[in-house]
Amino acid sequence: MKKPIIILLLAMQTISATAAEPWKKGAFETRQYRNLFVEMGYQPEAVEAKLKEVFNDVFRGPNKVYFEVGDTLGYVSDIKNHDARTEGMSYGMMIAVQMGEKDIFDRLWRWSKKYMQHQSGSREGYFAWSCRTDGTRNAEGAASDGELYFITSLIFASNRWGNDTGINYKAEAQRILNCIQPREYEPEQRQGFGGFGGQQPGPQKMYLIDPETKLITFTPDGFGQRYTDPSYHIPAFYEVWARWADDGRSDLWNECAKKSREFLHKAINPKTGLNADMCQYDGSEMQMPRFPGMRPGQQGQQGQQAQPAAPRRFGNNNFRYDSWRVPMNITLDYEWSCADREWQQKYGETIQNFFYSQGVNTFVDQYRVDGTLPEDNEILPAGGFRKLRHSIGLVATTAAASMMCSHDKSKEFVDALWNAKHEPFEDGYFDAYYDGLLRLFAFMHLSGHYRVIFPE
């Protein structure tokens with residue numbers, strides 16, 4: 001009986017060594033994925049069951065955010081704001097193609113194309129960032145992260161299911177890619193996501209990717225294309241475009257990936273690992289007036305007027321809701337490409353060290369980038385509450401960063417996510433949408449189910 005025991009102990013040592021040594025090559029090259037839950041001692045069957053449970057919470061459970069319409073359509077709703085957003089729709093499509101849920105994917109794409117995508121005019125190919133759940137548009141302008149995910153998920157759908165099952169996924173992706181190239185348009189008054197004014201009269205250029213810096217815009221028109229959002233930067237997505245979009249722009253997309261990685265070095269505080277909600281293309285703080293007290297996804301309501309910046313600070317330079325995504329986005333680039341692994345591994349441990357110093361089970365969801373707490377007027381409200389919380393969405397993304405880490409602290413973050421309950425806070429606040437989607441993405445990462453989909 002001694003021999004099997006010795007073999008088991010050697011296997012356990014191998015698992016432990018693997019967990020302590022992040023990979024040096026990405027999935028583009030290896031086609032391999034780590035199941036960090038299993039490496040850290042969770043049973044494979046329990047991990048698969050948990051992933052299914054979290055998926056069902058988002059798409060099929062009593063607190064689901066996915067709803068079907070008739071025989072062919074479906075949408076993902078930000079429940080607390082009573083709308084459907086390109087963020088959630090494109091996230092839903094990415095999750096669906098990763099999980100092999102073709103019917104969900106096709107329903108979400110058909111709804112997005114029917115109600116959100118501009119089929120003609122100066123915005124042709126772009127998507128209205130917010131619609132009511134009946135499809136009526138709340139705004140006409142786009143938010144650039146939606147296009148980023150739409151394109152990538154469509155390419156993956158083409159790779160996974162082909163283009164002759166009712167939707168030509170690659171053609172749809174190529175159309176968006178063609179439409180996001182710089183082109184002239186005549187701006188309307190207060191045009192754009194966020195409803196910013198300030199445009200100069202006469203024709204202007206519209207683009208998803210800033211042609212000078214090769215960085216993604218916050219919005220592809222008006223004021224919003226003068227700066228960027230660090231949480232929109234997923235360099236590996238551009239590598240997907242370069243490999244399989246077949247749009248003749250592979251060199252451009254590879255350059256965009258390189259520039260995006262360089263930008264993240266500048267935008268992230270080297271001591272805390274935190275980044276601002278949005279910033280200039282050189283990574284520096286925002287220096288323009290913004291709507292105070294609103295998440296970027298909540299801007300652009302009818303009648304909202306631009307307000308001057310607060311005399312001392314305004315919260316857009318703080319780490320908050322959009323910022324939560326950055327650790328998970330960098331994790332994805334590390335897992336798939338590994339092109340910037342030394343910096344990414346250091347980043348992963350830096351940001352986990354910061355949140356560890358705040359308490360793995362007690363850190364809050366908004367900070368200044370130097371790690372100090374924001375004043376009350378800097379706290380971004382959500383769901384009618386202006387309050388700092390220990391939000392499960394941020395618990396999820398900091399846990400996902402464990403994929404890059406070799407320090408022992410990373411297991412505590414993974415355990416915290418595994419044990420966290422997605423349920424209402426004592427005051428009634430509950431975000432099934434944003435928290436729920438980030439939680440699902442993190443479980444996909446940590447279980448090895450967020451993958452590069454190669455052509456089949």
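**Aromatic residues and helix packing**

Tutor: One aromatic cluster is made up of Phe28, Tyr91, Tyr149, Phe156, Phe237, Trp336, Phe441 and Tyr450. The structure is a predicted model, in which local features need pLDDT of at least 70 and side-chain atom pairs count only at pLDDT 80 or more, while totals for chains, interfaces and linings use all residues. Residues are numbered from 1 along each chain as its sequence is written, and side-chain values use heavy atoms, with hydrogens and water left out.

Some figures for the chain give the setting. The protein chain contains 15 helices and eight strands, these being DSSP runs numbered from the N terminus (H or I over at least four residues for helices, E over at least two for strands). Of its 456 residues, 60% are buried, a term that denotes under 20% relative accessible area, with exposed meaning over 50% and partly exposed in between (1.4 Å probe, protein chains only). Where contacts join residues at least 6 apart in sequence, 70% of them link residues at least 24 apart; a contact here means heavy atoms within 4.5 Å.

The rings come next. A pair of aromatic rings is described by the distance of the centres and the angle of the planes. Rings of Phe, Tyr and Trp (its six-membered ring) pair if their centres lie within 6.5 Å, and the pair is stacked with planes under 30 degrees apart, edge-to-face over 60 and tilted otherwise. By this rule there are 40 aromatic pairs. One of them joins Trp418 and Phe443, a tilted pair with 6.3 Å between centres and 45° between planes. Trp418 belongs to helix 14 (residues 409-419) and Phe443 to helix 15 (residues 434-446), so this pair ties together parts that are 25 residues apart in sequence. Trp418 is buried at a relative accessible area of 14%, and Phe443 is likewise buried, at 1%.

Two packed helices are described by the angle between their axes and the distance between the axes. Axes are lines fitted to C-alpha atoms, for helices over the stretch in contact, and angles run from 0 to 180 degrees between N-to-C directions. Helix 11 and helix 15 have axes 11 Å apart at an angle of about 25°. They are therefore roughly parallel to each other, given that angles under 35 degrees count as roughly parallel, over 145 as roughly antiparallel, 65 to 115 as roughly perpendicular and the rest as oblique. Their crossing is left-handed, which requires the near helix to be turned anticlockwise from the far one by less than a right angle; clockwise would be right-handed. From helix 11, Arg325, Met328, Thr331, Leu332 and Glu335 meet Tyr434, Leu438, Phe441, Ala442 and His445 of helix 15. This contact comprises six nonpolar, two polar and two charged residues, where Ala, Val, Leu, Ile, Met, Phe, Trp, Tyr, Cys and Pro count as nonpolar, Asp, Glu, Lys and Arg as charged, and the others, Gly among them, as polar.

Helix 11 also packs with helix 12 (residues 341-357), at an angle of about 150° and with the axes 10 Å apart. That makes the two roughly antiparallel, and the crossing of helix 11 with helix 12 is again left-handed. Val326, Pro327, Ile330, Asp333 and Tyr334 of helix 11 meet Arg341, Trp343, Gln344, Gln345, Tyr347 and Ile351 of helix 12. By class, seven of these residues are nonpolar, two polar and two charged.

Val326, in helix 11 (residues 325-336), is buried at 1% relative accessibility. Beyond residues up to four places away in sequence, Val326 touches Pro230, Ser231, Ile268, Asn275 and Tyr347. His233 lies 93 residues from Val326 in sequence but 7.9 Å away in space, C-alpha to C-alpha.

Finally, helix 14, which carries Trp418, also includes Ser410. Ser410 is buried, with a relative accessible area of 4%. Leaving out residues up to four places away in sequence, Ser410 touches Met40, Gln352, Ser402 and Cys405.
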